[in-house]
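Please open the model in a viewer and keep the selection tool at hand. The stops below say what to select next and what is to be found there.

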Amino acid sequence: MIDEGVVKYSCEWVLGERVALESIKSLIQWRNHIHKLGLIGVYDNGIGFGNISIRIPHTLQFIISGSQTGHLAELEPEHYTVVTDFDIQHNHLTCYGPIQASSESLTHAAIYSYQPDINAIIHVHHPQLWHDLLYQVPTTRKQVQYGTPEMTKEMFRLFEQENLSQQKILVMAGHEDGFLTFGKDLDEAGEILLNYSNPI
């Protein structure tokens, strides 16, 4: 059963102003391109999937696409929010902006907190690519669900045991269709994604 889009963490959402366009131009361009490829979108049941984020330089804060925006072909600044604080152990985060943070935000937080040179993360869905990549690249254990503290521990295990830092792609075995790429910037994360998904 696909449970994408369900926010499993506790969230303190502080309603605030939209993110400045200048700071997220590249984020918007990459997200809209990935949506055109069908790697971010919406299932027939109306549940959206996929998200994208960038780190705010030299901090643990990051800008991420909002929850349930997968149905939109193009996002505007009001569809992004800033994760200002998080507590992985207690499955809690705080976000500030016009929309609540994506259901995958704690996974992004875990990766940013683990490696300071990671500055962009792209989480997508594609059934065929997911199947092809499963256990061919670093893969989380099937029993570990997304959006949980267990998933963050699993991410750390993959960094330590599965060469995740070099491969920069991971598949979530227990999160049907889901995988993510990351990099030192959006261009690197995006190029890794395109290398694995071309052609689809």
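Which residues does E104 touch, not counting residues up to four places away in sequence? Select E104 together with N51, H123, Y146, M172 and H175: these are its contacts on that count, a contact being heavy atoms within 4.5 Å. This is a predicted model, in which local features need pLDDT of at least 70 and side-chain atom pairs count only at pLDDT 80 or more, while totals for chains, interfaces and linings use all residues. Residues are numbered from 1 along each chain as its sequence is written, and side-chain values use heavy atoms, with hydrogens and water left out.

Remain at E104, which is found in the loop between β7 (92-97) and α2 (105-114). Helices (H or I, at least four residues) and strands (E, at least two) are DSSP runs, numbered from the N terminus. E104 has a relative accessible area of 0% and is therefore buried; buried means under 20% relative accessible area, exposed over 50%, and partly exposed in between (1.4 Å probe, protein chains only). Display the side chains of E104 and T107, which a polar contact of 2.7 Å joins. Such a contact is a pair of N or O atoms within 3.5 Å; within protein, one must be able to donate a hydrogen and the other to accept it, and residues adjacent in sequence count only if both atoms are side-chain atoms.

T107 leads on to the helix pair. Select L106, T107, A110, I111, S113 and Y114 in α2, and M151, T152, M155, F156, F159 and E160 in α4, which they meet. By class, this contact of α2 with α4 has 8 nonpolar, 3 polar and 1 charged residues. In that classification, Ala, Val, Leu, Ile, Met, Phe, Trp, Tyr, Cys and Pro count as nonpolar, Asp, Glu, Lys and Arg as charged, and the others, Gly among them, as polar. α2 and helix α4 (residues 149-161) pack at an angle of about 40°, with their axes 9 Å apart. Axes are lines fitted to C-alpha atoms, for helices over the stretch in contact, and angles run from 0 to 180 degrees between N-to-C directions.

In helix α4, select P149. P149 is buried because its relative accessible area is 18%. Leaving aside neighbours within four places in sequence, P149 is in contact with I88, Q89 and N91.

Next, turn to the nonpolar cores. A nonpolar core is a set of buried Ala, Val, Leu, Ile, Met, Phe, Trp, Tyr and Cys residues joined through side-chain atoms within 4.5 Å. The largest has 30 residues, and I34 and Y80 have the most contacts inside it. Its largest share, 5 residues, comes from α1. Centre the view on I34, which touches L39, I40, I52, I122, V124 and L193, not counting residues up to four places away in sequence. A second, separate core of 27 residues includes I88, C95, Y112 and L164.

The last stops are in loops. P77 lies between β5 and β6, where it is buried because its relative accessible area is 3%. With residues up to four places away in sequence not counted, P77 touches R18, V19, L21, I24 and I28. Q68 lies in the loop between β5 (62-65) and β6; its phi is near 55°, a positive value in a residue other than glycine. Finally, select D177 in the loop between β10 and β11 (178-183). D177 is not a glycine, although it has a positive phi of about 80°.
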